[in-house]
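Morning, everyone. Please have the sequence and the structure open while I talk.

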Amino acid sequence: MDQGSQETAVGRRVFLGLAAFAATGFVFGSQIQGWLERNVGPLLVKDPTGLLALLPIGRFRIYSVTASLPSRSRADYRLHVRGLVDRDVVLTYDEITAMPKTRLVRDFQCVTGWRVPQVPWAGVRLADVLDRAGVKPEARAVRFVSFDGAYTESLTLSQARRKDVLVAYELEDAPLTDEHGGPVRMYVAPMYGYKSCKWLDTIELTETVEPGYWEHRGYDVDGWVGHSNHRDDERTG
Amino acid sequence: MSAPAELERFDRVERYAHWTTASLFGICMLTGAALYAGPVSTLVGQRELVRMLHVSAGLALPVPLLVGVVGRWGRKLRGDLRRLGRFDDEDRRWLHKRSRPAAQLGKFNPGQKLNAAFLGSAIVVMIASGIVLKWFSLFALDTRTGATFVHDWVALGIWLSVGGHILIALRDPVALGAMLRGRVPSRWARMERPRWFEAETGEPAGRRRDPAVAPTPPS
C-alpha cells in the first residue's frame, strides 16, 4: 500500500533547520542578543506575571560557589579592613551607609556572555573605606574575602582607588538581597562580574595581588570588560 | 488468522535507550535550571557540583542511543528511527484538523516524529554549544557569546518539547504503557495506528480512509 504516498524527510529538515539556527547563533548570537536586550528587554520588565523574565534576555544569573546561599542580616553585618593598614577597622552596616554615597548606572557584563543593561548600583567608594584604615606605603594590592567561606578576589591598589569601584549596598535602588551578594558586596564597574566579590566580609591590604577563586580556575586577574578573557564586549566603565 | 491481544511496540533495547536518554535529559534540564534561573540557583547553590553534573550528563546524552542503534539488537530501534524521520501523505492529512480523523497513521503520529527530530537534533546542538561554554578558552570571543545564545534558546525549546511530550504521554496511558512495558493492546493499535496494525498483523484495520466519506471521528 501507499505506493503513491509522497515521503518527506522531516527528520533531516528539522535537523538542518536547528543546525542552521545554531550556526547563525554562533556567528551572530552576540549581535542578536544585544538587539533583544535593547528592544525586548524593556518590555519584559512590564510583564506582571514575571514569567517572561525566565526568557534569556537582559537578566542576572545567580552564581554562588558554595552549598548554601550565604546570608547575614544587616544588624549582624561587619566589614573588616586589615592587613597592611595603620589600624584595623570594623564597620557596621549603618557606619557604611552613613559614609558619602555614590550611585552608578552601568551595564553589568558577565564573562560568560550575559549582560544586564543600565543597572543602578549604590555604595561608598572603596577608596574612602581604605582611607579610614590608612594604607601603609608597602601595600600594593587589595584582597577581598567573602563570608561564603570560599570566594576571594583581588585588585591592584590603583585599580581599587578608582572612582567606579564601590563597596555596594544597593542594587536597583533597593537594599542588596542575599542572592545578589547582600547586605554588602564589591562592585567593580569596569570589570567582569567575577571581580565584584559578593557577600563581602574582609578587605585585606597586601603586598602583591593574590589570584582569586575563579582566577585559579582560568579567568584573567585583570578582568577589564572588553580587554580580557579573550572577549571584546563594549566597556562598562 | 486473528490478531493477538497485544502487540510488541518497543523492544527492551528501545525502552532502555528511551529511559536512559530521558533520565539524562532530566538531569541536564534540572541542573541547567539551577545554573540559570536565579531562584533555583538560590535554592540549590553548590555551583561547581551542579555544573559538573550538568556537563557529564550532557556529554553522555547521545550514548544510550548510539549503543542502542548498533548491531543486531539495534534492528528495531533503527527501524523506528527511520519511521520517525519521515512524513507521508497520512501524516500531512493528520496535521489538518478537518482530515485528522480519517488519517491512517503508521507507527508514530507527526507530533511524535517532530518531537523526536527536534530533541535528537537538540542533543547535537547542545553538546556543540556546551563544549564552547565549558572549554571557552579554546574559542574566539564572539563564538562564546554566540554559543551562550544558542544554548539558552535551544534549552527553552527543549523544556517546551519535553514538557509537551510528558503531558501528552500522561493523557494517553496506553502509549505511555508501551514505553514502560513494551506492549499495547491490539485494539489500540487498530484504532490509533491502523497502518502499523496492518503491517504487524497482516489484518486489515478496517477503517475507511477517505475524509469525504468518513468525516466524523471514530468513537
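This is a predicted model: local features need pLDDT of at least 70, side-chain atom pairs count only at pLDDT 80 or more; totals for chains, interfaces and linings use all residues.

Let's begin with chain B as a whole. It has 11 helices and 2 strands. Read from the N terminus, the order is β-α-α-α-α-α-α-α-α-α-β-α-α. Chain B has 219 residues, and 31% of them count as buried. Now take the contacts in chain B between residues at least 6 apart in sequence. Of those, 64% join residues at least 24 apart.

Here is a case from strand β2 of chain B, residues 183–185. Pro185(B) lies in that strand. Which residues does Pro185(B) touch, leaving aside its neighbours within four places in sequence? The contacts are Ala5(B), Glu6(B) and Val174(B). Pro185(B) and Arg9(B) are 176 residues apart in sequence, yet their C-alpha atoms are 9.7 Å apart in space. Is Pro185(B) buried, exposed or partly exposed? It counts as partly exposed, because it has 15 C-beta neighbours inside 10 Å. Buried would take 20 or more.

Next, a helix pair. Two packed helices are described by an angle and a distance, both taken between their axes. In chain B, look at α1, residues 12–36, and α5, residues 75–84. They pack at an angle of about 65 degrees, and their axes are 7 Å apart. The crossing of α1(B) and α5(B) is right-handed. Who makes the contact? From α1(B), it is Val13(B), Glu14(B) and Ala17(B); from α5(B), it is Lys76(B), Leu77(B) and Asp80(B). By type, that gives 3 nonpolar residues, 3 charged and no polar.

After α11(B) comes Gly202(B), with a positive phi near 75 degrees.

On to the contact between the chains. How many residues does each chain put in? Chain B gives 37 residues and chain A gives 42 residues. On the chain B side, α2 (38–44), α3 (47–60), α7 (110–134) and α8 (141–171) each supply at least two residues. α8(B) gives the most, with 12 residues. Sorted by type, the chain B side has 15 nonpolar, 13 polar and 9 charged residues.

Last, chain A. Its domain assignment gives domain 1 (10–54) and domain 2 (78–217). The C-alpha centres of domain 1 and domain 2 of chain A lie 34 Å apart.

Find helix α4 of chain A, residues 126–133. Its buried residues are Leu126(A), Val129(A), Leu130(A) and Ala133(A). Remember the general rule: an α-helix has 3.6 residues a turn, so residues three or four places apart point the same way. What covers the buried residues of α4(A)? The list includes the strands β1 (78–83), β2 (89–92), β4 (115–125), β7 (165–171) and β10 (200–206), and the helix α5 (157–160), of chain A. Just after α4(A) comes Gly134(A), with a positive phi of about 75 degrees.

That's my tour. Over to you.

Key: Residues are numbered from 1 along each chain as its sequence is written. Chains are lettered from A and ligands numbered from 1 in the order in which they are written. Two residues are in contact if their C-beta atoms, placed from the backbone, lie within 7 Å. Helices (H or I, at least four residues) and strands (E, at least two) are DSSP runs, numbered from the N terminus. Ala, Val, Leu, Ile, Met, Phe, Trp, Tyr, Cys and Pro count as nonpolar, Asp, Glu, Lys and Arg as charged, and the others, Gly among them, as polar. Domain bounds come from an automatic or database domain assignment. A residue is buried if 20 or more other C-beta atoms lie within 10 Å of its own, exposed if 12 or fewer, and partly exposed in between; C-beta atoms are placed from the backbone. Axes are lines fitted to C-alpha atoms, for helices over the stretch in contact, and angles run from 0 to 180 degrees between N-to-C directions. A crossing is left-handed if the near helix is turned anticlockwise from the far one by less than a right angle, and right-handed if clockwise.
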